[in-house]
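Thank you all for making time this morning. I would like to walk through one structure with you, and I ask that you keep it in view while I talk.

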Amino acid sequence: MARTERHVKSINVALQGGGSHGAFTWGVLDRLLEDGRIWIEAISGTSAGAMNAVVAAQGMYDGQAEGGRTALRRFWGEISEAGRSSPLRRSPFDRWSGSWSLDSSPAYLFFDIVNRMASPYDINPLNINPLRTIIERLIDFRKVRDCKDMSIYISATNVETGRGRVFHREEITADVVMASACLPHLFQAVVIDGAPYWDGGYMGNPVLFPFYSRSDADDIVIVQINPIVRPGIPKTAREILNRANEITFNSSLLRELRAVDFVTRLLDEGKIGGDQYRRMNIHMIEARHEMRPLGASSKLNTEWPFLEHLFEIGRGAASTWIDTHFYDIGERSTVDVREMFQGVGPAGHALAQPRTAAPGNE
């Protein structure tokens, strides 16, 4: 895929992880690729975001934007098909009530208890992972590495040092993708070059810094899956664990956004020069009202109706963002990062709201 005159705007895309909630990101990418006016210069992905990134890259290598859309649909279809034989399915009560959660599933409750008492080295000594089988069967990593028109950055966490490592497109293999998605209570650490790795979300969900020095695009579009703000006090053990995980997996992103705000503030005040530091525009595609009610257990729900539901939410969120902010790309940020760190308003709503389109740009 090569950039053409019809690509009038260029962006970097940062994809969070989130299990099957990554189907929301599939919907976002599908809409961005469909638009035709937007060029994706680089993608940073973690966990499910990393999978979406490499699948899209291979599809784009084979058939440009439409190839990327086709590859993503095929991938999520295979994920759903593999899940048909899994015992982790919704209970009759959840189906009757219309809940996408697995909280009442006997198999989920059993595995939840077992995972708190035994490690994956105990309960899965052969390290069987059906997801790896799908990845290795569907993705030709040579094509991913040869997709030179788009840079790809995948993050994983070094178990021994606690530091994040960013793998560039030329380094990406099936092991790299599986390392980025390796939740330590579910899977054994993935060893790469003699070092063990866990899920990249601990140290970069997703990483933003490669865009500063390695991308020509001045805009970063963050596809937000994990809610930053969740009003109310979690009280059940599952709610507490879920919120603690959300905070943990958002912390690295918030640190990087603080750094973005700090540099931008110094540039605005003339304390540093633009020849040394770069101003980046920050945007966010999210659907807090639709995604926030989904519990942590739904991240393991791979039923096709649920994945399609998330896909449509993602497409809708991307369409709204494009319609509202297309002309802001390359001009300004549409997220007020400074307000994001000022807390939550009295009504329990995040103070950081996407800015409206610039006058005359609707």
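**Helices, strands and cores**

Let me begin with helix α4, residues 106-117, whose twelve residues should span 16 Å at 1.5 Å a residue, and whose end C-alpha atoms are 17 Å apart, which agrees; the expected span here is 1.5 Å times one less than the number of residues. Residues are numbered from 1 along each chain as its sequence is written, and side-chain values use heavy atoms, with hydrogens and water left out. Helices (H or I, at least four residues) and strands (E, at least two) are DSSP runs, numbered from the N terminus.

Which residues of α4 are buried? They are Ala107, Tyr108, Asp112 and Asn115, where buried means under 20% relative accessible area, exposed means over 50%, and partly exposed lies in between, using a 1.4 Å probe and protein chains only. These four cover an arc of only 135° around the axis, which puts them on the same side of α4, the arc being that of the directions from the helix axis to the C-beta atoms. On the other side of α4, Pro106, Phe110 and Met117 are exposed. The buried residues of α4 pack against α5 (120-123) and α10 (237-268), with contact taken as heavy atoms within 4.5 Å.

Helix α1, residues 22-35, has 13 of its 14 residues buried, so it is largely enclosed by the rest of the structure. Following α1 comes Gly36, whose phi is positive, near 85°.

Turning to the strands, β7 (residues 219-223) has five of its five residues buried, with Asp219, Val221 and Val223 on one side and Ile220 and Ile222 on the other. Strand β1 (residues 9-15) pairs with β7 in the parallel sense over four bridges, and two strands count as paired if DSSP finds at least two bridges between them. Strand β8 (residues 281-285) also pairs with β7 in the parallel sense, over five bridges, and there the bridge partner of Ile220 is Ile282.

Now to the interior. A nonpolar core is a set of buried Ala, Val, Leu, Ile, Met, Phe, Trp, Tyr and Cys residues joined through side-chain atoms within 4.5 Å. In the largest one, of 69 residues, Val13, Phe24, Phe75 and Ile135 touch the most other members, and helix α2 (residues 48-83) gives the most to this core, with 14 residues. Apart from it lies another core, of 17 residues, among them Val207, Leu208, Ile220 and Met280.

A few backbone details deserve a look. The peptide bond from Asn205 to Pro206 is cis, with omega near -5°, and Pro206 lies in the loop between β6 (195-199) and α9 (210-214). Ser47 is not a glycine, yet has a positive phi of about 55°, and Ser47 is buried, with a relative accessible area of 10%.

Finally, a word on confidence: pLDDT, the predictor's confidence in each residue from 0 to 100, averages 88 over the protein chain, and 91% of the residues score at least 70. Over residues 344-362, however, the pLDDT is below 50. Where pLDDT is low, the predicted coordinates should not be read in detail.

Note on methods
Predicted model: local features only at pLDDT ≥ 70, side-chain atom pairs only at ≥ 80, totals over all residues.
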